[in-house]
Amino acid sequence: MATGPRIGAPSMVTRRGWLAGAGAALALGARRAAAAGWPDRPIRMICPFPAGGTSDILARIAAEILAEGLGQPVVVDNRSGAGGNIGAAQAARAEPDGYTLLLSSPGPLSINAHLYKEPGFDGLRDFAPVTQVAEVPNLLAAHPGLGVRTAAELIALAKRRRLAYGETSIGGTTHLAAELFRLQAGIEADHVSYRGSAALMPDLLAGRLGYGFDNLPSILPHVRSGLLTGIGVTGAARWSGAPDIPAIAETLPGYEVTAWFGVVAPRATPEAIIRRAHAVLAAGLSRPAVARRLAELGATPIGDAPEAYAARIAAEHAKWGGVIRQAGIRLP
């Protein structure tokens with residue numbers, strides 16, 4: 001005759017639950033113990049974009065700061081592709097032990113979820129924010145042949161005649177900057193997407209495009225030379241390195257698009273590691289020499305707390321989801 005479990009004896013379900021709980025507790029204890037000695041070997045910082053770009057440069061600056069402050073090498077590992085998704089997915093799946101970090105732009109954390117059906121990770125839930133390293137405004141510039149010098153003049157012209165505009169990364173901040181400008185200005189224009197500044201510039205400089213958006217460090221030299229007209233920076237206010245160029249927000253209140261770059265770790269990375277990495281990065285970013293180096297790139301150092309960085313990721317995720325849906329942006 002079948003009998004139930006003896007009184008006082010753990011059932012199979014209870015035993016399995018106890019074992020699972022014990023395993024989780026042991027893993028948590030091991031992570032805490034490891035965090036106490038972190039780091040005792042080199043750290044890998046994944047950059048999900050190719051070498052030589054803004055993300056790569058900022059990843060190397062962050063790696064230098066961490067290496068100096070932690071006393072261990074920090075190696076930048078470029079894992080580019082799919083708008084940053086390949087490298088970000090690798091970081092999300094890494095062991096949460098502090099030995100894999102990700103230097104990300106807004107794309108993988110706040111934008112790509114709205115563009116890709118299966119990015120391979122969740123930018124809001126799969127990472128533990130450490131700190132923002134820096135932010136870089138984009139710049140709207142027009143061909144001098146248009147005869148406009150301000151955002152208001154450009155908008156007025158675009159309402160009288162259909163213009164063509166370009167950007168450097170479909171789904172990236174230059175593309176979103178262009179679409180948000182078009183939506184807020186209430187204009188229609190012909191969109192042409194390019195793969196990077198090197199592809200955009202020949203058409204913009206030749207006048208085959210009326211205007212274009214690019215990262216400020218890439219396009220500013222052409223404005224300074226007089227080959228292009230600087231219409232407006234995309235940050236909330238004028239950039240200190242070029243105070244003569246207005247912010248687009250002076251014409252379109254509330255307009256703001258900034259390319260920000262920050263360090264995150266895999267979710268479940270011990271809090272002690274997150275806090276120590278933040279402290280080292282924040283201290284390094286506050287040094288005058290680092291600030292000058294970033295200023296040469298058109299970047300502003302940040303070094304904010306993990307909670308502030310998490311709030312920005314979430315806010316921009318919501319903002320760009322709305323813009324992408326309204327603009328009808330689709331990846332080719």
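What volume does the largest pocket have? In this predicted model, the volume of the largest pocket comes to about 1,200 Å³. Among the 42 residues that line the largest pocket, those closest to its centre are Phe-49, Pro-50, Thr-168, Ser-169 and Gly-196. Two or more lining residues are given by each of helix 2, helix 4 (106–111), helix 6 (173–185), strand 7 (211–215), helix 8 (216–224) and strand 9 (258–266), and the largest share, four residues, comes from helix 2. When the lining of the largest pocket is divided by class, 17 residues are nonpolar, 22 are polar and three are charged.

The second largest pocket has a volume of about 150 Å³. Its lining consists of Glu-135, Pro-137, Gly-235, Ala-236, Ala-237, Arg-238, Trp-239, Ser-240, Glu-256, Thr-258 and Thr-300. By class, the lining of the second largest pocket holds four nonpolar, four polar and three charged residues.

Helix 2, which gives the largest share of the lining of the largest pocket, also takes part in a packing between helices. Helix 2 (residues 54–70) packs against helix 10 (residues 288–296) at an angle of about 170°, and the axes of the two helices lie 12 Å apart. Because angles over 145 degrees count as roughly antiparallel, helix 2 is described as roughly antiparallel to helix 10. On the side of helix 2, the residues that meet helix 10 are Leu-58, Ile-61, Glu-64 and Ile-65, and their counterparts in helix 10 are Val-290, Arg-293 and Leu-294. The contact of helix 2 with helix 10 comprises five nonpolar and two charged residues, with no polar residue.

The axes of helix 7 (residues 197–205) and helix 8 come within 11 Å of each other and cross at roughly 25°. Since angles under 35 degrees count as roughly parallel, helix 7 and helix 8 are roughly parallel to each other, and their crossing is right-handed. Helix 7 contributes Ser-197, Met-201, Leu-204 and Leu-205 to the contact, whereas helix 8 contributes Ser-218, Ile-219 and His-222. Divided by class, the residues of the contact of helix 7 with helix 8 are four nonpolar and three polar, with no charged residue.

Technical notes. Residues are numbered from 1 along each chain as its sequence is written. This is a predicted model: local features need pLDDT of at least 70, side-chain atom pairs count only at pLDDT 80 or more; totals for chains, interfaces and linings use all residues. Side-chain values use heavy atoms; hydrogens and water are left out. Axes are lines fitted to C-alpha atoms, for helices over the stretch in contact, and angles run from 0 to 180 degrees between N-to-C directions. Angles under 35 degrees count as roughly parallel, over 145 as roughly antiparallel, 65 to 115 as roughly perpendicular and the rest as oblique. Contact means heavy atoms within 4.5 Å. Ala, Val, Leu, Ile, Met, Phe, Trp, Tyr, Cys and Pro count as nonpolar, Asp, Glu, Lys and Arg as charged, and the others, Gly among them, as polar. On a 1 Å grid over the protein atoms alone, a cavity is a set of points where a 1.4 Å probe fits but cannot get out, and a pocket is an open set with protein on both sides within 12 Å along at least five of seven lines; lining residues have an atom within 4 Å of a point. Grid points are joined across faces, edges and corners, and a volume is the space filled by probe spheres set on the points. A crossing is left-handed if the near helix is turned anticlockwise from the far one by less than a right angle, and right-handed if clockwise.
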